[in-house]
Amino acid sequence: MTLSVGQPVEDFSAEATGDTPFRLGDYRGKQVVIYFYPKDSTPGCTTEGGDFRDRIGEFEAANTVVFGVSRDGLKSHENFKAKQGFPFELISDRDEAVCRQFDVIKLKKMYGKEHLGVERSTFLIDADGKLAREWRGVKVPGHVDEVLEAARELNG
């Protein structure tokens with residue numbers, strides 16, 4: 001099933017930091033930002049996570065919770081979260097089930113070689129569980145500001 005704006009996002013569960021399994025359905029009544037990033041502790045991913053961290057109070061004021069997702073394991077996520085002081089949980093998607101649900105696994109090129117990797121993408125889900133906005137092929141600078149603005153508008 002392809003995700004499309006205005007349609008309900010299928011509920012899913014996944015392992016997350018903080019010793020709490022993540023379940024999308026547990027967040028009904030709140031807006032949810034799910035941002036996918038390629039790898040823990042890399043420069044762009046650290047900057048993006050830091051931008052969400054630095055604006056978390058504003059997201060909370062807009063009735064919005066934030067979660068990061070990558071294919072890294074929980075131990076890597078816990079270390080990354082602690083080192084960067086992220087006040088939100090990171091979801092581990094080692095089997096790529098969540099990545100596939102949101103269609104963020106793409107053919108990428110690095111050093112002239114092709115491989116399948118996570119395309120930096122962000123999704124804003126409304127309080128009723130419907131996809132409100134999506135950003136694909138994200139460039140980090142200014143991105144969190146755009147997501148925050150959309151969350152504020154949606155919260156109305």
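F12 and F102 are both buried, where buried means under 20% relative accessible area, exposed over 50% and partly exposed in between, with a 1.4 Å probe and protein chains only. The structure is a predicted model, in which local features need pLDDT of at least 70 and side-chain atom pairs count only at pLDDT 80 or more, while totals for chains, interfaces and linings use all residues. Residues are numbered from 1 along each chain as its sequence is written, and side-chain values use heavy atoms, with hydrogens and water left out.

The rings of F12 and F102 form an edge-to-face pair, 6.0 Å centre to centre with 85° between the planes. Here, rings of Phe, Tyr and Trp (its six-membered ring) pair if their centres lie within 6.5 Å; planes under 30 degrees apart count as stacked, over 60 as edge-to-face and the rest as tilted. This pair ties together distant parts of the chain, 90 residues apart: F12 sits in the segment before strand 1, and F102 in the loop between helix 4 and strand 6 (105-110). A tilted pair is made by F52 and F59, at 5.6 Å centre to centre and 40° between the planes. F52 counts as buried because its relative accessibility is 0%, and F59 counts as buried because its relative accessibility is 0%. The count of aromatic pairs comes to 15. F12 and F102 also belong to one aromatic cluster with F22, Y27, F36, F67 and F123.

Now for the sheet. It is open, with 7 strands in the order 2-1-5-4-3-8-9 and mixed pairing. Helices (H or I, at least four residues) and strands (E, at least two) are DSSP runs numbered from the N terminus, and two strands pair if DSSP finds at least two bridges between them. At the edges are strand 2 (22-23) and strand 9 (131-136), each pairing on one side only. Strand 9 runs antiparallel to strand 8 (residues 121-125), joined to it by 5 bridges. The two make a hairpin with 5 residues between them, and G129 in the turn has a positive phi of about 90°.

Helix 5 (residues 143-155) lies across strand 3 (31-36), strand 4, strand 8 and strand 9, at about 170° to strand 9. Such angles run from 0 to 180 degrees between N-to-C directions, and the axes are lines fitted to C-alpha atoms, for helices over the stretch in contact.

What about the nonpolar cores? A nonpolar core is a set of buried Ala, Val, Leu, Ile, Met, Phe, Trp, Tyr and Cys residues joined through side-chain atoms within 4.5 Å. The largest one has 23 residues, and L24, I34, F36, F102 and I125 have the most contacts inside it. Strand 1, strand 3, strand 4, helix 4 (97-101) and strand 8 each give two or more residues to this core. A second, separate core of 22 residues includes V66, L90, L124 and V144. Beyond four places in sequence, I125 has contacts (heavy atoms within 4.5 Å) with residues including V9, L24, I34, F102 and L131.

Where is S121 found? It is in strand 8. S121 counts as buried because its relative accessible area is 0%. The S121 side chain reaches the backbone oxygen of E119 at 2.9 Å.

Key: Polar contact = N/O pair within 3.5 Å; in protein donor to acceptor, adjacent residues only side chain to side chain.
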